[in-house]
Amino acid sequence: MPPFVAFAGVLGGLAVVRWAYKTAVRINQELEEMRLSRVTEAAPMGDIQTLKRDPVTGAYRPG
């Protein structure tokens, strides 16, 4: 009986790992799609500002 319990535990553990992996991939894909859509929405409106380095202070400022 103990080998059966160990086998069932291993199968259960693999199922949890597979579920967690699929969930992480799905979430990362959704986040990437949201990031890309935000960039494409902001680009035509000119909302994406670039930073330029001030040669005197070395600080980065919108420019």
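Which residue forms a salt bridge with Arg 35, and how far apart are the closest N and O atoms? The partner is Glu 32, and the closest N and O atoms of the pair are 2.7 Å apart. A salt bridge here is a side-chain nitrogen of Lys or Arg within 4 Å of a carboxyl oxygen of Asp or Glu. Before going further, a word on the model: it is predicted, local features need pLDDT of at least 70, side-chain atom pairs count only at pLDDT 80 or more, and totals for chains, interfaces and linings use all residues. Residues are numbered from 1 along each chain as its sequence is written, and side-chain values use heavy atoms, with hydrogens and water left out.

The overall layout is quick to describe. The protein chain holds one helix and two strands, running α-β-β from the N terminus on. Helices (H or I, at least four residues) and strands (E, at least two) are DSSP runs, numbered from the N terminus. As for confidence, pLDDT is the predictor's own score for each residue, from 0 to 100. Its mean over the protein chain is 86, and 87% of the residues reach 70 or more. Confidence is highest in α1, at 89, and lowest in strand β2 (residues 60–62), at a mean of 85.

Next comes the surface. The protein chain has 63 residues, and 3% of them count as buried; buried means under 20% relative accessible area, exposed over 50%, and partly exposed in between (1.4 Å probe, protein chains only). The accessible surface of the chain comes to about 5,800 Å², with 67% of that belonging to carbon and sulfur atoms. Accessible areas come from the Shrake-Rupley method with a 1.4 Å probe, and for residues only the protein chains shown count as cover. Phe 7, Val 10, Leu 11 and Leu 14 make a nonpolar surface patch of about 410 Å², and Val 10 has its place in helix α1. Patches are made of residues with over 30% relative accessible area and no salt bridge; like charges are joined within 9 Å, nonpolar side chains (Val, Leu, Ile, Met, Phe, Trp, Tyr) within 5 Å.

Thr 23 also lies in helix α1 (residues 2–45). Thr 23 counts as buried because its relative accessible area is 19%. The side chain of Thr 23 reaches the backbone oxygen of Trp 19 at 2.8 Å.

Back to the charged pairs. Side chains of opposite charge can pair when their charged atoms come close. The whole structure has three salt bridges. Glu 32 and Arg 35, the pair from the opening, both lie in helix α1, three residues apart, about one turn of the helix. Glu 32 is partly exposed, at 36% relative accessible area, and Arg 35 is partly exposed too, at 39%. In another salt bridge, the side chains of Glu 30 and Arg 26 meet at 3.2 Å, N to O. This pair also sits in helix α1, with four residues, about one turn of the helix, between one position and the other. Glu 30 has a relative accessible area of 39% and is partly exposed, while Arg 26 counts as partly exposed at 43%. Asp 54 forms a salt bridge with Arg 61, with 3.6 Å between the closest N and O atoms; Arg 61 is partly exposed, at 43% relative accessibility.

Leaving aside neighbours within four places in sequence, Lys 52 is in contact (heavy atoms within 4.5 Å) with Ala 59, Tyr 60, Arg 61 and Gly 63. Lys 52 and Pro 62 are 10 residues apart in sequence and 6.2 Å apart in space, C-alpha to C-alpha.

Notes. A polar contact is a pair of N or O atoms within 3.5 Å; within protein, one must be able to donate a hydrogen and the other to accept it, and residues adjacent in sequence count only if both atoms are side-chain atoms.
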